[in-house]
Amino acid sequence: MSSDGCPVLIVLEFLKGFAKDKMCGKCLPCMLGTVRMIDVLERITNGKGEEEDIVLLDEISSYIVDTARCKLGKDAATFVKDSLSSSKNEYEEHIKDKYCAQKSCETIVSYQINSEKCTICGACKEVCPEDAIVGEKMVSYLSDNKPYYIKNKKCTKCGECLAVCEADAIEIV
Amino acid sequence: MSEQITVMINGKEAKVPEGILIIQAAKMAGIDIPHLCYCECLPSTGSCRVCLVEIEGAKGLVASCARKVKDGMVIDTDTEKVREARRFVLELILSNHPGDCMSCDKNGACELQKYAYELGIEKTAFSMKDPGYEIDRSNPFIERNYNLCILCGRCVGICKTQGADVIDFVKRGMVTKVATPMDKPLQESGCDFCGSCLAVCPVGALLEVDRRFRGREWEMEETKTVCSYCGCGCDLVFGTVDGQIMRATGESLGDFLCAKGRFGWDFVESSKRITKPLIKKNGVLTESTYEEAFEFAAERLLDIRKAHGANRIGGFIGAGNTNEVAYLFQKFLRAGIGTNNIDSSARLLGFPALVDLYEALGDGAVVSMENIEEADALLLVNADVTVAYPRVGVAVKRALSNGAKLVVVDAGRTKISEKADIHIQSMAGSNEFVLSGLLKELLDGKVYDEEFAKKCGKFEDLKKSLGKLKMETVERESGISKDVLKEAAKLYGEGKKTVIIFGAETVSPQTMELIADISLLTGKTKASVLPCLLSSNLWGTVYMGALAEFYPGVRKADEAGSDFEKAWGVKLSKEAGLSIKEMLDGMGSSILGMYIIGADPVAQLPNSSSVAKSFSSLDFLVVQDTFLTETAKLADVVLPGVTLAESNGTIVNMEYRTKEVRTAIEPLVQADWETVVALSKKVNYTMDYSSEKEIAKEIKSLVSIPKKIEKNTYKFTLVEPKISGEEPDKKYPYTLIVGETTFGFYDGVRTKNSKLSELEPNMGDYVVFNSDDAASLGLEDGCKVTVKSRRGKVITSAKILDFLPKGMFFMPSCHNKQGVLSSDGIDLKLKSPQDRLIAVSVSKEGVAK
């Protein structure tokens, strides 16, 4: 497994590719089981993972290794199993802390405005398609500024604000 | 029998044959391994992974439907590991099976339900997924709900082996689905509606439309009987609830039934059935009582007998009645009335020529379906087996998949001819030339059994006459090159187990003689010749004495008369009986009264307008039938008849096997035998029976059925080949071939009153033209055409399909329009008509020629 990149996401992308190209769809555990694993992994990378999900993934992949008809299906499940044991921490971080260390699981990460860097120019608010950014543009010589911040519930991590901020004040955490 | 080996299954020792699958071995040892995709009648696919077992020393779990047993194998079918794996797979399947067992007709018979219960799955660990497919209810017979499909692949497998091969898995991976090409509805995909898919479906994805919400598995009563359509006489199990038929299936999973057998029984419940006796009053058939009808009929028959003699009365019986009814009917006429004028539909469907055929070959020649399946070379003569006799079609397909060679002699391209090694697409009516050519090639090419042939009579004469036959004549008349015939002769002659299959109603008696000659020349007289019969009880009807030439037991009237006088206790007429053709010719003068059971001669006999005229000229006509047929409309008295589904008795099918018919539902009207007995009493001849069993007992004491064919003359017949059927001329330049269709049947009486007719385009009212002829005649698909023959003309619609060569058209027999056109030219020797090839002219309707 490559060291750069989130292991959970790598497994998810791998399974999606497997289901699309290599899977023959003839043996039921591989076909139906892989779909279920994709479901669970999507849930985890979306920050909606639950504590039992790791056990569930481990169960499904083990059963597929036991029951699938061919090596392709067994290998795909083995890949999941290996990832589970080698990157247990990352899975747990995703589920418990809703945290993706590699910052690649877009829905887990959150966008924040570093108030020290922010110039209160308002460019981010203008481009935000979800109205997730609140605050008021600074008016010179006036005190009582309302600094900008991002409402995480509304934010879809589209990255528009990131692109327009000249001060690099928006950070992914 | 292969060698026995010892295996350990769940700690018990079992002796099983070598080379079988673990799942089969377990079954022999009384252990049922859960399985979904595996089906005994199909090759294993190993896809469901439910039948996994543990084998000592093997890595991981093993699919028991894919691995064969080995000596000393230690198998565990019920360990915790196995159960866990099965549970996992079943939970996955269940989470994709948004069915409601509550309202599913498969409830109680569903294999998924059964195993889920056995493994104690209360709720699947996975969230439910609904594939969201639309339920297909667009055809009249099979409801397809792919939301319930578990992708086991049984339907796909069986459609390939015995269906029309129209469904397969489409797409891959997660969106795999079973579908026809381009996902068209079944009725547009070329499906034969044999319903084999439905029979093997382990869940409720495929169900009989008629059965939905009308009763469930455990409420169903099952009756094993016989299909009433063609002569295959397949075993049929009717499932009934509260005296109503819900469905028909084969006896065991994967047994083949065709669309007519599986779905075509619904005519039994048609609202058009005759339920009360009818008497013609002032030219109108009016409802009456049995008593009145019997009185009236008996009085009129006795009047005729008294005034003109018993021989002015005749009888005609269909070939779809039980042996018991056929026997009683002829006894009524011979003993009760005192005439030998009795004939049956058998005469239109290959008899009495077939009696001669088996007498020439001996009864070893009789063929069963298994014989066909095991054959290594098959010769099909004018038999569109997949359409007209579907069970034979399946047997041929199975033989082909076992590697058999196939030679087809047929003017048209058929589903089976496309699989043939050699298709001799000869001119319509030239069978005799083709077979004579084959005979000569067998002889000249030395692919025959000289030792055996020498023992047969007239071998030298045969050699001489074949020596005189010029292959150029054969080539000219049949349009087939002699090289093709040579190759075909080699293919057939070199086969070790061969069967000649032919359509009895489509070939001439001379063709049958040639077939016997081919069998004798090649020494293939064991399980070698199968006449395909169109009606369910042809052999039985003939053996019961319902043909002019024969008394029961195919005994000639002159030698058997005194025996039957003794048995029946009356003096019998010494006069020979008349065939139906002779009766027709004499109607109005030498024949004044007729009694007809279960037959529609006006529709079945050629040149129907003259037949109808003859019947109208009778003094008295009584018809006993299930529907108001063309003949019944002309009757003075109509008595209600029953269908085979309401009868008890026996029939003899084309395999020459006696099969038992049982009542599946309470008869709608009085049973046929009771009606004959009651009428007989009124003409002062008492036949005393309390049940069909007693009639059967009497028959048994007089004849053996099916009759053992003792005589095998083994003599060549030397046929001078001729073109059969009507020859085209300048005025009528085309040949019209009348034949069977997948959803129509013979005279169409039953199929017209069944939902089968919804599947037959235009209810069979069409003529098929090939595109060349259509272009030269200026026809387009669906346009109205006038078809004229020397007897009459009909207006029908055109269908353009390329399966016949130029100059030949096809008309389904089930719509019965050919009757107006067909020739009543008669084969003199056999007194049977040859009405399936008609010379016609064609013009587009509304355009002057």
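Biologist: How many residues of chain A are in contact with chain B, and what makes them count as a contact?

Modeller: In this predicted model, 18 residues of chain A are in contact with 20 residues of chain B. Two residues are in contact if their C-beta atoms, placed from the backbone, lie within 7 Å, and these residues therefore meet that cut-off.

Biologist: Which helices supply the side of chain A that touches chain B?

Modeller: At least two residues each come from α1 (7–22), α2 (28–45) and α3 (53–67) of chain A. The largest share, 7 residues, is that of α2(A). By residue class, the side of chain A that touches chain B holds 10 nonpolar, 3 polar and 5 charged residues.

Biologist: How does the radius of gyration of chain A stand against that of a compact globule?

Modeller: For 173 residues, a compact globule would have a radius of gyration near 16 Å, but chain A has 21 Å. The C-alpha trace of chain A spans about 75 × 30 × 25 Å along its principal axes. Its domain assignment gives domain 1 (7–97) and domain 2 (110–173), with C-alpha centres 37 Å apart. Chain A has 7 helices and 4 strands, in the order α-α-α-α-α-β-α-β-β-α-β from the N terminus.

Biologist: Why does the radius of gyration of chain B agree with that of a compact globule?

Modeller: The rule gives a value near 29 Å for 849 residues, and chain B has 29 Å, so the two agree. The C-alpha trace of chain B spans about 90 × 65 × 65 Å along its principal axes. Chain B has 30 helices and 36 strands.

Biologist: What share of each chain counts as buried?

Modeller: In chain B, 55% of the 849 residues count as buried; in chain A, 35% of the 173 residues do. The cut-off is 20 or more other C-beta atoms within 10 Å of a residue's own.

Biologist: What share of the contacts in chain B joins residues 24 or more positions apart?

Modeller: Among contacts in chain B with a separation of 6 or more, such pairs account for 74%. For chain A, the corresponding share is 64%.

Biologist: Into which domains is chain B divided?

Modeller: The assignment gives domain 1 (4–78), domain 2 (278–349 + 538–702), domain 3 (353–532) and domain 4 (734–844). The C-alpha centres of domain 2 and domain 3 of chain B lie 36 Å apart. Between these two domains, 7 residues of domain 2 of chain B are in contact with 10 residues of domain 3 of chain B. The side of domain 2 of chain B that touches domain 3 of chain B consists of 6 nonpolar residues, no polar ones and 1 charged.

Biologist: What makes β14 and β16 of chain B edge strands?

Modeller: They belong to an open sheet of 7 strands in the order β14-β13-β26-β25-β24-β15-β16 (chain B), with mixed pairing. β14 (284–287) and β16 (342–344) of chain B each pair on one side only. The twist from one strand to the next averages 20 degrees.

Biologist: Why are both faces of strand β26 of chain B called covered?

Modeller: In a regular strand the side chains alternate between the two faces of the sheet. In β26 (residues 637–640) of chain B, V637(B) and L639(B) lie on one side and V638(B) and P640(B) on the other, and all are buried.

Biologist: Why do β10 and β12 of chain B stand at the edges of their sheet?

Modeller: The open sheet has 3 strands in the order β10-β11-β12 (chain B), with antiparallel pairing. β10 (221–226) and β12 (244–249) of chain B each have a single partner strand, so one side of each is left without a neighbour in the sheet. Strand β11 (residues 235–241) of chain B pairs with β12(B) over 5 bridges, and T240(B) has I245(B) as its bridge partner.

Methods:
Residues are numbered from 1 along each chain as its sequence is written. Chains are lettered from A and ligands numbered from 1 in the order in which they are written. This is a predicted model: local features need pLDDT of at least 70, side-chain atom pairs count only at pLDDT 80 or more; totals for chains, interfaces and linings use all residues. The radius of gyration is taken over C-alpha atoms; the globule rule is 2.2 Å times the number of residues to the power 0.38. A residue is buried if 20 or more other C-beta atoms lie within 10 Å of its own, exposed if 12 or fewer, and partly exposed in between; C-beta atoms are placed from the backbone. Ala, Val, Leu, Ile, Met, Phe, Trp, Tyr, Cys and Pro count as nonpolar, Asp, Glu, Lys and Arg as charged, and the others, Gly among them, as polar. Domain bounds come from an automatic or database domain assignment. Two strands pair if DSSP finds at least two bridges between them. Axes are lines fitted to C-alpha atoms, for helices over the stretch in contact, and angles run from 0 to 180 degrees between N-to-C directions.
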